[in-house]
Amino acid sequence: MILSCQNITKTFGTDVVMKNASFHIEEHEKAAIVGINGAGKSTLLKIIVKELEPDEGIVAIAKEKTVGYLAQNEVIDSTRTIYEEVLSAKQPVIDMEQEIHRMEAAMDAVPAGELEAFMEKYERLVHQFELADGYTYRSEVTGVLNGLGFSESDFGKTQAELSGGQKTRAALCRLLVTKPDILLLDEPTNHLDMESIQWLENYLLNYKGAVLIVSHDRYFMDKIVSKVIEVFQHQVASYTGNYTAYAQKKAQVRAAQLRAYYNQQQEIKHQEEVIAKLKSFNREKSIKRAESREKMLDKMKRLDKPVEDLTDIHLHLAPSITSGNDVMRVEHLAKSFDGKKLFEQVDFSIFRGERVALIGNNGTGKTTILKIINDMLPADDGEITLGTNVQVGYYDQEHQVLHTEKTLFEEISEDYPHLTNTQIRNVLAAFLFTNDDVFKRIGDLSGGERGRVSLAKLMLSEANFLILDEPTNHLDITSKEILENALVHYEGTVLFVSHDRYFINRTATRILDLHEQQVLNYIGNYDYYLEKRDVQRAAQLQPARNAGETMQAHTADAANPAFPKSAAQKAATGSKEDWKLKKQQQAAKRKAEQELSRVEERIETLETEKKELEAEMAAPEVAVISAKVMELHSQLVQKEEELEALYEKWEELTNA
């Protein structure tokens, strides 16, 4: 075990972040921390690196193990170039290299009597240098910089010349080349394009140390981690496996908890009905039985109903009118900036009902294409044609019109007066605004929060063609899933740019890959794109014709899914057997209900007859006739015995 957190408790004022949180990380293990925004994931990392102190609990790190930490949006305050800054992380190796060169230069001048000791020291230093990969450290630095998206031309840029995202990438590069024993990364993929994320995946998979990641990137976690640590409602739970395995286990656990809760509620209701019935018999034994059941019910440990944040929120997107089948055609589109060509001869069409993902590396022009479509930038060449009855809804975090003086609630309610208060709150909650958050002023929100408000408004716009630029930025996993479900069931058309491969996989019906200034077409989701990408790129000489042929071929494939008759027959047989079993169960239930009814009727009859016998025995004229009393007593005993057996049968049937 290289890292252990035991009973960590942390509060801020009256807000409990986590309580008695415990988990551990083994050497070489790759793990992820997941949870909704605000759950305490980043707080947990800061406690581990001692930036925050826990109120209670212990963080234990194995002796002599080093820890490296990348915070969200971390930047390096330095006047050095990118290359110099990342290279500085190798300073101990650089110092060894310089000392080796100094010793080599001084070797000829060493007196003969000191030479042996000098050479031993030199050999030890060279050995240490080799163990520290001293002969490859410069190529390692270059490889990490290239892998995380920096070109050779970027190496000479200073920190002041970089964007915020580039600064965070530079900080990640510097951390990776230090090779700590435990690597703590808070949202490391936020500023990476797809190729850089794939490079980081491979790097971390082969990393010799332990890795603990906070992430909302489900595809990334699926590739890397073998343990998921969930922070949920102040508690921490560990699950073995990647993200998909965790999600499945979490769903199974919650389903089991719900079943247990509803079964207990049903049992409580049943016992209350039995107690009431026993009391209604008004017999000493039945009343004692009722009291015994009441005591058992009081001792029962009541289960709380499992809750899950935002699970009851479902966005329903409904276009006000239906567009024509041809939604948009893009022909011969071209754009350059400052003499640098982004793309040329871009051709593609979008049809009603499609959900199309436009993907590509950073800087290839994806967002530029969306802006040209929305008349926010002029094209250098080409034509864009919208189809009949197409109503566009566009999401771009930088160009959304919001009223800074309004609250979030007012921003939605005034634009959509037909929505109820509950509907408005549900929509805002889906985008992480809950409770009193809805009364915050737009002007007081961060850029990411404003983007989420804009996305919420777009989801209500009733447009039939949604164009979305990175819609999952600033959303946690639960909110992403709500948005995914809304888009999957959307009856309109969607064109979106995203780096979220899991989101693309779940929502896209077609991929447009902007690669080497042209667009390549793939009919399918992200996994299909990965399968066919290399073959398609190799055939890029005639992209327009290839795209058309690919579309026709794959559309034909999609229209004729391979589903063997044997499988269909098995499904039909299984359905028939299920139907028979259901009928048998229904018949057995009816039979039990009928028997219970008969038992209750017989009990009622016997109780009446018993009272009549007791009244007859108590009559003065009968009490003096001993033979008659004995006869009546014998009948009474028989009825008591039958009643006792019936009560037991009744309890057996009611508990079945």
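**Note on the predicted model: contacts, rings and cores**

1. Once neighbours within four places in sequence are set aside, N73 is in contact with T168 and H191. The model in which this is seen is a predicted one. N73 sits in the loop that runs between β5 (67–70) and α2 (82–87). Its relative accessibility of 47% places N73 among the partly exposed residues, since exposed requires over 50%. N73 and H191 are 118 residues apart along the chain, and their C-alpha atoms are separated by 8.7 Å.

2. The aromatic residues deserve a point of their own. The structure holds 13 aromatic pairs. In one of them, W199 and Y203, the ring centres are 5.1 Å apart and the planes meet at 25°, so this pair is stacked. The limit that decides the matter is an angle under 30 degrees. Both residues belong to helix α7 (residues 194–205), where W199 and Y203 are 4 residues apart, about one turn of the helix. W199 is partly exposed, at 24% relative accessibility, whereas Y203 is buried, with a relative accessible area of 18%.

3. A further pair is formed by Y526 and Y529. The centres of these two rings are 5.4 Å apart and the planes stand at 45°, so the pair is tilted. Y526 and Y529 lie 3 residues apart in helix α17 (residues 526–538), about one turn of the helix. Y526 is buried, with a relative accessible area of 0%, and Y529 is buried as well, with 3%. Ring pairs also join Y526 and Y529 with Y219 and Y522 into a cluster.

4. Helix α17 can be considered next as a whole. Its 13 residues reach 18 Å from the first C-alpha to the last, close to the 18 Å expected at 1.5 Å a residue.

5. R169 lies over the face of F150, at 4.6 Å from the ring centre. K250 lies over the face of F232, at 4.1 Å from the ring centre.

6. Which residues have the most contacts inside the largest nonpolar core? They are L145, L148, L176, L183, L200 and L204, in a core of 54 residues. Helix α6 (residues 164–178) supplies the largest share of this core, with 7 residues. For L148, the contacts beyond four places in sequence are R169, L172, C173, L176, L192, S196, W199 and L200. R169, which lies over the ring of F150, and W199, which stacks with Y203, are thus both among the contacts of L148. Another core, of 47 residues, lies apart from the largest one and includes V427, L475, I482 and Y490. As a general background, nonpolar side chains tend to be buried together in soluble globular proteins.

7. E201, in helix α7, counts as buried, at 5% relative accessibility. Not counting residues up to four places away in sequence, E201 touches Y219, F220, K223, I224 and R501. S286 has its place in helix α10 (residues 284–299) and is buried, with a relative accessible area of 2%. With residues up to four places away again left out, S286 touches L278 and F281.

8. The backbone has two residues to check. Most residues other than glycine have a negative phi. H28, however, has a positive phi, near 70°. H28 lies in the loop between β2 (15–25) and β3 (30–34), and is exposed, with a relative accessible area of 52%. Q517, which is not a glycine either, has a positive phi of about 75°. The loop that holds Q517 lies between β17 (510–515) and β18 (518–523). Is Q517 buried, partly exposed or exposed? Its relative accessible area of 31% makes Q517 partly exposed.

Methods:
Residues numbered from 1 in each chain as written. Predicted model: local features only at pLDDT ≥ 70, side-chain atom pairs only at ≥ 80, totals over all residues. Heavy atoms only, no water. Phe/Tyr/Trp six-rings, centres within 6.5 Å; stacked < 30°, edge-to-face > 60°. Helix = DSSP H or I, 4+ residues; strand = E, 2+ residues; numbered from the N terminus. Buried < 20%, exposed > 50% of the residue type's maximum accessible area, 1.4 Å probe, protein only. Lys NZ or Arg CZ within 6 Å of the ring centre and 35° of its normal. Core = buried A, V, L, I, M, F, W, Y, C linked by side-chain atoms within 4.5 Å. Contact = heavy atoms within 4.5 Å. Expected span 1.5 Å × (residues − 1).
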